[in-house]
Amino acid sequence: MASITANHPKQQLLFWVVQEDHREDLDDAICTAVETTIENLARSGAWMIGPPEYVNQVDDESYRLVGGVHEIYSALRVSLPREVDLIMLDEVERIVQAVQKLSRDLSLEIEFELDGDSAGTVENGELDEFLSTVFLGEWRRHLHQE
């Protein structure tokens, strides 16, 4: 396994249930389903930095954020060994697949961000073009060119 230094930069992948009116409270069944999905993911195998974590918080503007967060090693502006980058991609794809099923089962729209930048959306189980082609697709292409 390629080594990573302890101070290698990391990024946060955040994903959450999109609400029509962000001030309305989400149904408890949705919150429980999201939490269960993330708990199942966390137990589903090894995670390089750590498993995804459930997020359920309200910000200063009363916006309730229900979803998850996962930390990955950054490949931006620093070299990331290919073997580690492949693991990071695999972890993110596992998360996207679980979120895709959750979205399909509960007819949810779920947004993804990487360090505050939009990474795409899953709506009713369908990945939008940005998530499937740009975010994941370009990452796959980059790794398969090496």
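Residues are numbered from 1 along each chain as its sequence is written, and side-chain values use heavy atoms, with hydrogens and water left out. Because the model is predicted, local features need pLDDT of at least 70 and side-chain atom pairs count only at pLDDT 80 or more, whereas totals for chains, interfaces and linings use all residues.

Six strands form an open, antiparallel sheet in the order β2-β3-β1-β4-β5-β6. Strands (E, at least two residues) and helices (H or I, at least four) are DSSP runs numbered from the N terminus, and two strands pair if DSSP finds at least two bridges between them. At the edges lie β2 (53–58) and β6 (126–127), each of which pairs on one side only. Strands β1 and β4 run antiparallel and are joined by five bridges; leucine 13 has leucine 114 of β4 as its bridge partner. Six bridges connect β4 to β5, where aspartate 117 is the partner of leucine 114. The β4–β5 hairpin has two residues between its strands, and aspartate 115 takes a positive phi near 50 degrees. Two bridges link β5 and β6, which also form a hairpin with two residues between them; in its turn, asparagine 124 has a positive phi of about 50 degrees.

A nonpolar core is a set of buried Ala, Val, Leu, Ile, Met, Phe, Trp, Tyr and Cys residues joined through side-chain atoms within 4.5 Å; buried means under 20% relative accessible area, exposed over 50% and partly exposed in between (1.4 Å probe, protein chains only). The largest core has 33 residues, and Val92, Ile95, Ile110, Phe112, Phe135 and Trp139 have the most contacts inside it. At least two residues of this core come from each of β1, α1, β3, α2, β4, β5 and α3, with the largest share, eight residues, from α2. Another core, of five residues, lies apart from it and includes Val55, Tyr63, Leu65 and Val69.

Glutamate 111 lies in β4. This residue is buried yet has no salt bridge (a side-chain nitrogen of Lys or Arg within 4 Å of a carboxyl oxygen of Asp or Glu). The nearest side chain of opposite charge, arginine 140, is 17 Å away. The side chain of glutamate 111 makes polar contacts of 3.1 Å with that of serine 118 and of 2.7 Å with that of threonine 121. A polar contact is a pair of N or O atoms within 3.5 Å; within protein, one must be able to donate a hydrogen and the other to accept it, and residues adjacent in sequence count only if both atoms are side-chain atoms.

Notes: Lys and Arg count as positive and Asp and Glu as negative; His and the chain ends are not counted.
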